[in-house]
Amino acid sequence: QSFICGSDAWWGLVIISVVAVCLYLVGVGGVFGYIVVVAPRHFTDSGFRMRWAFLFFRFRPDVWWWGLLFIAKGICTNIGYMFIRLGSA
């Protein structure tokens, strides 16, 4: 099924899509933020380290929270691309 841009059905889907993306970003960001906050207490557990290694393995133990900053930087960089207009200098 196709939708004409600007029609009522199209706007309904746009609203649903924007809400879904925002919920996804907040949900995933919240989980990662929670994991980074509780990491110092649970880092002795090998299962915790294996499950969440992608957030911590590149950084020294005293800067364990940098993983969250790199995720935030990636999100902000990708959101920035949405506002770049093609053909503009």
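Which residues does Leu55 touch, not counting residues up to four places away in sequence?

**View 1. Contacts of Leu55 in the predicted model.** Leaving aside residues up to four places away in sequence, Leu55 touches Phe32, Ile35 and Val36, and also Trp64, Gly67 and Ile71.

**View 2. The largest nonpolar core has eight residues.** Helix 1 provides the largest share, with four residues.

**View 3. A nonpolar patch lies on the surface.** Let us turn to the outside of the model. Val21, Tyr24, Leu25, Ile75, Ile79, Met82 and Phe83 form this patch, and together they have about 720 Å² of accessible area. Helix 1 and helix 4 (66-81) supply at least two residues each, and the largest share, three residues, comes from helix 1. One member to look for is Val21, found in helix 1. Val21 counts as partly exposed because its relative accessibility is 48%.

**View 4. The structure holds zero disulfides.** Here we visit the cysteines. The closest cysteine sulfur to that of Cys5 belongs to Cys22 and is 20 Å away, so the two are too far apart for a bond. Cys76 is in no disulfide either, and its nearest cysteine sulfur, again that of Cys22, is 13 Å away. Cys5 is exposed, with a relative accessible area of 63%, and Cys76 also counts as exposed, at 56% relative accessibility.

Methods:
Residues are numbered from 1 along each chain as its sequence is written. This is a predicted model: local features need pLDDT of at least 70, side-chain atom pairs count only at pLDDT 80 or more; totals for chains, interfaces and linings use all residues. Side-chain values use heavy atoms; hydrogens and water are left out. A nonpolar core is a set of buried Ala, Val, Leu, Ile, Met, Phe, Trp, Tyr and Cys residues joined through side-chain atoms within 4.5 Å. Buried means under 20% relative accessible area, exposed over 50%, partly exposed in between (1.4 Å probe, protein chains only). Contact means heavy atoms within 4.5 Å. Patches are made of residues with over 30% relative accessible area and no salt bridge: like charges are joined within 9 Å, nonpolar side chains (Val, Leu, Ile, Met, Phe, Trp, Tyr) within 5 Å. Accessible areas come from the Shrake-Rupley method with a 1.4 Å probe; for residues, only the protein chains shown count as cover. A salt bridge is a side-chain nitrogen of Lys or Arg within 4 Å of a carboxyl oxygen of Asp or Glu. A disulfide is a pair of cysteine sulfur atoms within 2.5 Å.
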